[in-house]
Every structure is written in C-alpha cells, then in structure tokens.
Amino acid sequence: MTQLNTPYPSTAYLTGFLRSRGFNAVQEDLALSLVLDLFTPKGLSQIHAQALEMPEELRSASVNYFLDYFEDYQATIAPVIAFLQGRDSTLSHRINARTFLPEGPRFSSLEAYDDQTGDPIDWAFGALGSQDRARHLATLYLNDLSDVLRDAVDDRFEFVRYAESLASSQPTFTPLALALTADQTLIDQCLHRLTIAVIEKHQPNLVLLSVPFPGAMYAALRIAQTIKKSNPGIHIVLGGGYVNTELRELKDARIFNFIDFITLDSGERPVLSLIEHLEGKRSGERLVRTFIRNDEGVVEYMNWPEPDIPFEDVGTATWDGLPLNSYLSLLDMLNPMHRLWSDGRWNELTVAHGCYWKKCSFCDVTLDYISRYETASAALLVDRIEAIVAQTGQTGLHFVDEAAPPKMLKVLAEELIRRKVQISWWGNIRFEKTFTPSLAELLARSGCIAVSGGLEVASDRLLDLMRKGVSVAQVAQVTKGFSDVGILVHAYLMYGFPTQTIQETVDSLEYVRQLFENGCIQSGFFHRFTCTVHSPVGQNPQEYGIELQPLPDITFAKNDVAFIDPTGVDHDVLGLGLKKAIYNFMHGVGFDHEAHTWFEGLDLRIPKTSVSKNYISNAFYS
C-alpha cells in the first residue's frame, strides 16, 4: 500500500539484481491491483451494498453522498481511472465543466483557494492547463471514494497508510494477530483473490514481500496468509524499510505463522544466502541477517559474517512485469513542487547507498540504510539510467537517496551532458554550501528540475543541536541559487524538537515565510518530531535535555519512544498553526500575516517574532 503514481522501487531493484545472477525473478504490484479492482463499476457496487447495510445514524457525509449519487459514481469511475492513467486525455473537458463528476465533501477544499475574487476555482488553477485542472478534480473524486471505503467498509483504509496503527511501534504482535484472524473485509477478500491469481500465474517457490512502511504490513501479511493456506510449500520472506527499522529486536514468534523468514537491511546478500540454503547449498547457521523460528519455536537471528554486495555490483533495476501504463497520475496539491510525489510516473534510482553526512541527531544514523555509504562511478550510473529509459520509454528519474552527495551529482551531471542523455530528474540533498550557484546551474543543464532537503527547525541554535551542519542564512543562499536557475525547492520542516520553545517556533515560521516570499523555496511540509531508538537523541537523551519515558516489554516493533521535555510546550497544538501557514504559503498567499497570528485562537500565549523582516534577503549578501 504505497503511492499510486509509480512503483515502489524495492521490487525493481531486487528483480534486476536476481536476474543478473541468473534467477527467474518476476514482480507484481498488488497494491495498485487492489485499488484498480476496487475502483470499478463492480467494485463500487460491492461498496454500495455494504454502505446500505449501515444504520443511517452511523453514515458519514461521504457515505450519504455516495448513496445519493451512486449511479453517477458507477457511470463515471471507469472513465476517470482511464483519464488518470493517461489513456483518455479528452475527458478533461467534461470534468472541467463541473457537471460530469459527482462532487462530494472533498470538493469543499476548493473554497480554501478563494482570494476574495468571488471565483475560487479560477484562482485555484490560475494558468494551469485543462489537464491539470481536471486531474485535480478527479483526484478529489477519488479521495471522496476512499473516504467511503474507510467509513463503510474498513475504518483502517487509506491509500498509503492502510491499517498503519496495527504495525507502527506496536510492542506486541497481538493487534496484527487479532486483525488477521477476524472476518475478512471486502478489501481483504479482494486482496485474497488477487493473490491467488498471481500465484497461479507465476507458480513461484519463493515469494519476497516488501514492507517499506507500517501501512504496508497488514496487507503483506494478508497476502502471506493466503499463500500459506493455498500453497503451503511456498517459502515467504519479509523485508523492507519497516522491517529494517522496527523489527530489529523481534522476539514474538507468532509472525512466523504467516511467513518463513525475515531479512534485514539491503536484501541482495540475505536473499542470495537464503536461496542457497533452500537449494541445500548452505546450512541455516550461515544465513545472513535473517530471523527464523527454530525447532524450539523461538525466534532466532542468524547473521553469518559475509560482506554485502557492493553498490556497483547490484545491477540495474528493472520494471519488467509491472503495468507501467496503469499507474494513476494524481494531483492532490496544486503547488508545482509538492505535486511531484503523486504526479507522473518516475523511474526511481539511487545515486549512492546511505548518507555521506550521517550526523543528524534525529536520524537513524546507526542503521545500515544511513550508515553504510557507498557510491558508484558516474559512467555506471548513466549506463543504468540509459538502460532504464530504454526499458520504460520514460525519461523522468527520481533519485531516492537519503541525501545525494554534491560531488557525485556534479560528476553525474557532467557525464549526462557529455553523453547527451536527456532526462528530467529530482532528488533529496543537504542544503550545504558546496551547492554553489554554478553547481546549481550545471545540475539544471543536466536535467535537474527540483530538489528537496531538510531545513528542519529554522533556528540556528536547534540546527546546531541537530548537528545539521547548516545555518538558516546558508540555507537561504543555497536554495536561492537553485531557484534562480529554475530548480524547484522543497523544504522538510520539523517542530517539537527537544527544548524547542514557543518563541523559536514562531521565529522558525517567520524564517520560512521569508524563504517563500523571497523565492528561495516553493514548497514545504512541517513534520512532528518523533524520537526513535536508533537516533542519537534516542540513544543519548540527556545530551538533548530530555528524559525518555520507560518502554513497555517489547517483543515486536520497536521504534518511536516518548519523552519528557522540560519546556512543557504543547507542540501538537502549535502544529495546527504551522500547517495552516505552510498551506497558504504554498499557494502564494498569507505573506502579509504576522507570524504569531497563525496561532490565533489557541489557548497559549504566543509571542511576536524576534526575527528581522529582512533577515533572509540580507542573507543573500552575507
């Protein structure tokens, strides 16, 4: 259960690697298949039947609207899906007429774009073409239907975070165990049927399930449950980002009722050793970074010391077998930078494994995906890019590094230009001074269209405490350099960091306002700080002035840890004002508001900002 506009890259990486080693590996995207199966005339009929069974007093506004306009939904769902897949562009004219789609509660968000001109829809879309306007309206339509699914079929449903609470930092396997033994919902039944179909199609003897996020865990185990019941001889392996982060201290053996093995960190070496084990060429004691349930029924971690596959030798990712023309190009947010995450199908690629900085105090710097830093040559990376473009026919690349290294991006850009490889690319970086205006210009010439990076809390004191290695003034200079050459910039922002005061929160928002107003950044998002057990804050809380709350007895997922901050600030309440402000800034409005006014109505004493109104513009010349 991941994004719907492009495949999550883990299966493409592993499929390409295994094929390079001579294995008959295939891949399927059941997350996409599930959504495409539910959002059909037949699927909507099944949802309608369940909605009718609800007592009227329990029906939400979304459910009532769906029941009232069911025939319109059923008549429009197939053409809307085809339009979002790029197979029927002419439908945009009918969608834009605002008489074709039933417009449920989600469409009320259009009123937020009103700038007192009296015509919110025209203001919202401005100069956007008819395709973008229609895709935004079609996305609101799909969001209305997702609300119906959640309210009438399964209250855990979301496109990306399906049943996330069952897995995220759950100390025991019990919530998942209970959910997996409960009666199947319509969604479960659909996933069961799709799983049976792909197993019959491919006849595998080994299935790898990638769980990148907590919101993918429940569905992955439902898939595993189906396979175990229908084909008990198939071995099932669980891996992915969620597993690597939260299940490192696994003790609860009940999960092995559904799967056979759990591997940690980069999957290439563990999977190779596992295949050799299943072929009788390697004993169980020589498995690499793999959890098993031993003969005594106890979880055992096998970690034979064996080097990882070098980053240069992992092969080229392949999207062969994935329905590339079936992904949905959604337009949740009109902001041109923010929309990149859900808009368009991107070939996802890694420039370097791990992070070259690996010092940030809030980050899981002790884990392999951050701590093991490896690069490949620019020539090899461009070879991979050319192979991917030739295979997919699409020239959009998303570099999914934790932080792409500036030296590597420089030589990569030079190689792309030298070989006249025409791509559009974007990725995550650190806003460090190495990204000079001249380097930004070079990256733009190589096809860079956007970058994202962590500004976190725009406070020099807190940036030092975070060990970010940047200052607010430096971020202003670097981001302006990118924006000046036409590269869009997104800033990851944070609130609630240990010892952060209300004054620092207000001042941070003022810095962000000025960054938007001065054209340094075009998009941003405020994340609530979470302390994790694998970060420097979680491992050395006294250095950050906090006290960790005692953890319960944990036998399953371990990641987030609560803490006591002596400042006593209610950051959750402040987050409401921060998110309202950033939403307005991303739509080009609200710059004339004083920073403290975004928090009006809260039961807190909010000070005015102490930041000079010209701080960011002056930073360009410092």
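How do strand E4 and strand E5 pair, and over how many bridges? Hi everyone, let's start there. This is a predicted model, by the way. E4 and E5, the latter being residues 299–302, pair in the antiparallel sense, and four bridges hold that pairing in the assignment. The hairpin of E4 and E5 has five residues between the strands, and in it Gly297 takes a positive phi near 80 degrees.

Now, please turn to the surface. Glu285, Asp295, Glu296 and Glu300 gather there in a patch of negative charge. Glu285 sits in the loop between helix H13, residues 268–278, and strand E4, residues 290–293. With 54% relative accessibility, Glu285 counts as exposed, because the cut-off for that word is over 50%.

Next, back to the backbone. Most residues other than glycine have a negative phi. Here are two residues with a positive phi to look at.

Lys358 has a phi near 40 degrees, positive although the residue is not glycine. You'll find Lys358 in the loop between strand E7, residues 352–353, and helix H14, residues 368–371. Its relative accessibility is 36%, so Lys358 counts as partly exposed.

Then there is Glu456, again not a glycine, with a positive phi of about 55 degrees. Glu456 belongs to strand E11, which covers residues 448–456. Is Glu456 buried or exposed? Glu456 is buried, because its relative accessible area is 8% and buried means under 20%.

How values were computed:
Residues are numbered from 1 along each chain as its sequence is written. This is a predicted model: local features need pLDDT of at least 70, side-chain atom pairs count only at pLDDT 80 or more; totals for chains, interfaces and linings use all residues. Side-chain values use heavy atoms; hydrogens and water are left out. Patches are made of residues with over 30% relative accessible area and no salt bridge: like charges are joined within 9 Å, nonpolar side chains (Val, Leu, Ile, Met, Phe, Trp, Tyr) within 5 Å. Accessible areas come from the Shrake-Rupley method with a 1.4 Å probe; for residues, only the protein chains shown count as cover. A salt bridge is a side-chain nitrogen of Lys or Arg within 4 Å of a carboxyl oxygen of Asp or Glu. Lys and Arg count as positive and Asp and Glu as negative; His and the chain ends are not counted. The place of a charge is taken as NZ of Lys, CZ of Arg, CG of Asp or CD of Glu. Buried means under 20% relative accessible area, exposed over 50%, partly exposed in between (1.4 Å probe, protein chains only). Two strands pair if DSSP finds at least two bridges between them.
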